[in-house]
Amino acid sequence: MKIFSIAVVLAPPGGPVVILSSANDLSSFSFYQKGTVSEMLTFLSKTVVERTQQGQRQSIQEKVYTAHVYNRGGAEQLAGVIVTDQEYPVRPAFALLTKLLDDFTTKVPQTSFGNPSAISFPEIATYIQKYQDPRQADAIMRLQQELDETKIILHKTIESVLQRGEKLDKLIEDSDTLSKQSQMFLKTAKKQNSCCVIM
Amino acid sequence: MSVQDRTNEFKACVESIRSRSSLPSHADTKQRLLQQDGKPGPKSEFSRMASAIGKDISGTTLKLSKLAQLAKRKTLFDDRPVEISELTFIIKQDIAGINKKIAALQSYVKQRNASGSSSAEGKQIDEHNNNVVMLLQSKLATTSMTFKDVLEVRTQNMKESKNRTEQFMYSTATAANQAPSSKFFRLVDSMLYGSQRSDPMGDGSPSHLDSKGKGRAPQNGDVLALDLNSAEEGGGAHGGALMQMQMVEQQDSYIQQRSTAIESIETTIAELGQIFTQLANMVAEQRETVQRIDADTHDIASNIGGAQRELLKYYASISSNRWLMLKVFGVLIVFVSFDDFT
C-alpha cells in the first residue's frame with residue numbers, strides 16, 4: 001500500500017496543464033529506474049488531469065499504478081493527482097486529495113500560480129510521507145479502527161466483570177461461613193461465662 | 001422430553017391393587033374416576049384440548065432446543081442458514097398456532113362458565129379449567145422467551161462470524177471495494193483509447209493503455225464480464241450516453257462508499273452502546289452481592305467483638321481472687337473434715 005507521487009496541478013479548462021507542486025516517493029525503485037519512473041509519473045498525472053472534467057473524480061489504472069485524480073475546478077482551477085499501487089483503498093485516496101487541495105489553496109496565493117517554480121509547498125512532502133498509511137489520512141478509517149479497538153477492550157472488560165462476579169460469589173460464601181463460625185464462637189464464649197459455675 | 005401415554009400402565013396398576021385390597025364399596029366411584037373418556041360431554045373435550053395443546057408446546061420446546069443447538073455453533077463455514085431460518089419459521093408458526101388454540105380454549109372455558117354450573121363440583125371444575133389454561137399460557141410464555149433468547153444468540157453469533165470473516169479476508173474486502181472502481185477503470189481506458197484515435201499523444205501510451213485494456217487479468221468475475229462488454233462497446237461505438245451515465249455512477253460510487261463507511265461506523269457505535277448497557281447491568285447485579293458481603297462482614301465483626309468481651313469477662317472472673325479463695329477454703333474444709341472422720 002504505497003503512494004508513489006502526489007501532485008497539485010493547475011488545470012484551466014481549455015488551456016495547458018501545469019504542475020504546480022509535486023512530491024514523489026520512489027524509494028521502492030532502484031537508483032537507475034528513478035529517473036524514468038518520475039518522468040512517467042509526471043506524464044501520467046498531466047494526462048489524466050487533461051482527461052478529467054471539472055468537478056469530477058476518476059481512478060485510472062496503468063500497469064501497476066493507479067492514478068486517482070480529482071479535478072476540483074473552482075476559482076483556482078486546481079486538480080490533484082495521486083498515484084498509488086493497486087492496494088491503496090480508493091476512498092481515502094480521494095479524501096486525501098480533497099484535503100491536499102484545500103491545504104494548498106490556503107497556503108499558496110493564487111497569484112503565484114503563473115510561476116510554478118516559485119511555489120513552495122513543503123507540506124506536500126510531509127503529506128506523502130505521512131499518508132503512506134491510509135488510516136492516517138482518512139478520518140473515517142481511523143475512527144473505525146479506534147472503535148474496533150474500543151470494542152475489543154470492552155469485551156475484555158465484560159469478561160473480567162464476569163470473573164469479578166464469580167469471585168464475589170465465592171467471597172459471599174466465605175463470609176457466610178465466617179459469620180456462622182463467629183456466631184458459634186460467641187455462643188461458646190457466652191456459655192463459658194454463665195453456666196458451669198462449679199468451674 | 002416427549003409426552004408418553006402411560007395411561008394403560010396406570011390402569012393395570014390400579015386393577016392389580018384393587019384386586020389385592022378388596023374394597024367393593026368404593027369400586028363404583030373409582031370406576032367413574034377411571035373411565036373419564038367413557039363420560040360424554042364437555043369435560044373430556046376440555047381435557048382433550050388441553051392435552052393437545054400441552055403436546056404441541058412440548059413438541060415446540062423440542063424444536064426450540066434443536067434450534068438453540070444449531071444457533072450456538074460458531075463455525076465459520078459450516079453454518080446452515082437455510083435450516084436455521086426454516087426452523088425459525090416453523091417454530092414461529094407453531095407458537096402462533098398454540099396461541100390461537102389457547103385463546104380458543106379460554107373462550108371455550110368462558111362459554112362453559114357463562115352457561116352456568118352452580119353446583120360445588122361445577123365450580124371446582126371451572127377453577128380447574130381456569131388453572132389449566134393459566135398453566136398452558138405460562139408455558140407458552142416461557143417457550144416464547146426461550147425462543148427470543150435463541151434468536152438473540154443467533155444474531156450475535158452471526159455478527160461475530162461476519163467480523164471474523166472480515167478479519168481473515170480483509171484483503172478480499174479491499175479487492176471487492178476496488179472492483180466497482182475497476183469497472184470504471186475499464187470504461188475510462190476505453191474512453192482514452194477512443195479519444196486518442198483522433199489525437200495521438202505519444203508513441204508509447206496509447207498502445208500501453210490499449211494492451212492494458214485487453215490483456216489485464218481481471219480481479220474477479222464481475223470485472224471480467226464488464227471487460228468484454230466495455231471492450232466491445234468502447235471499441236465499436238463511442239456510446240456517449242452510456243459512458244456519461246457510468247461517469248455519474250462513479251461520482252455516486254465515491255459518495256456511496258463514504259456513506260457505507262459511515263453507516264458501518266454508526267452500527268459499531270450502536271453496538272458499543274449496547275455493550276456498555278450490558279456492562280452496567282452486570283455491575284448493578286453485582287452490587288447487591290457486594291452489599292450482602294458487606295452486611296456479613298459487619299455481623300462477623302460484631303460477633304467477634306462480643307465474643308472477645310465475654311472471654312475478657314471470663315478471664316477477669318477466673319483471675320480474680322474471690323472464687324479462688326472460696327474454692328481453696330472449701331477444699332481445706334473438706335480435707336479437715338475427712339481428717340476428722342478418720
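I call a residue buried under 20% relative accessible area, exposed over 50%, and partly exposed in between (1.4 Å probe, protein chains only). I worked from a predicted model, in which local features need pLDDT of at least 70 and side-chain atom pairs count only at pLDDT 80 or more, while totals for chains, interfaces and linings use all residues. Residues are numbered from 1 along each chain as its sequence is written, chains are lettered from A and ligands numbered from 1 in the order in which they are written, and side-chain values use heavy atoms, with hydrogens and water left out.

Entry 1: salt bridges.
I searched the whole structure and found 12 salt bridges over all chains (a side-chain nitrogen of Lys or Arg within 4 Å of a carboxyl oxygen of Asp or Glu). One of them pairs A:Lys151 with B:Glu271, at 2.6 Å from N to O. Because A:Lys151 belongs to helix α5 (residues 139-194) of chain A and B:Glu271 to helix α9 (residues 240-319) of chain B, this pair joins two chains. I took helices (H or I, at least four residues) and strands (E, at least two) as DSSP runs, numbered from the N terminus. Both A:Lys151 and B:Glu271 are buried.

Entry 2: pairs in chain B.
I noted a salt bridge between B:Arg18 and B:Glu15, with the closest N and O atoms 3.9 Å apart. Both residues lie in helix α1 (residues 7-20) of chain B, three residues apart, about one turn of the helix. B:Glu15 is partly exposed, at 42% relative accessible area.
For B:Asp56 and B:Lys101, I recorded 2.3 Å between the closest N and O atoms of their salt bridge. B:Asp56 is in helix α3 (residues 42-72) and B:Lys101 in helix α4 (residues 81-115), both of chain B, so the pair ties together parts 45 residues apart in sequence. B:Asp56 is partly exposed at 28% relative accessibility, and B:Lys101 is partly exposed at 40%.

Entry 3: a network.
I found A:Asp103, A:Lys107 and A:Glu123 joined into one network by salt bridges that share partners.

Entry 4: a serine.
I located A:Ser182 in helix α5 of chain A. This serine, A:Ser182, is buried, with a relative accessible area of 3%. Leaving aside neighbours within four places in sequence, A:Ser182 is in contact with B:Ile300, B:Asn303 and B:Ile304 (contact means heavy atoms within 4.5 Å).
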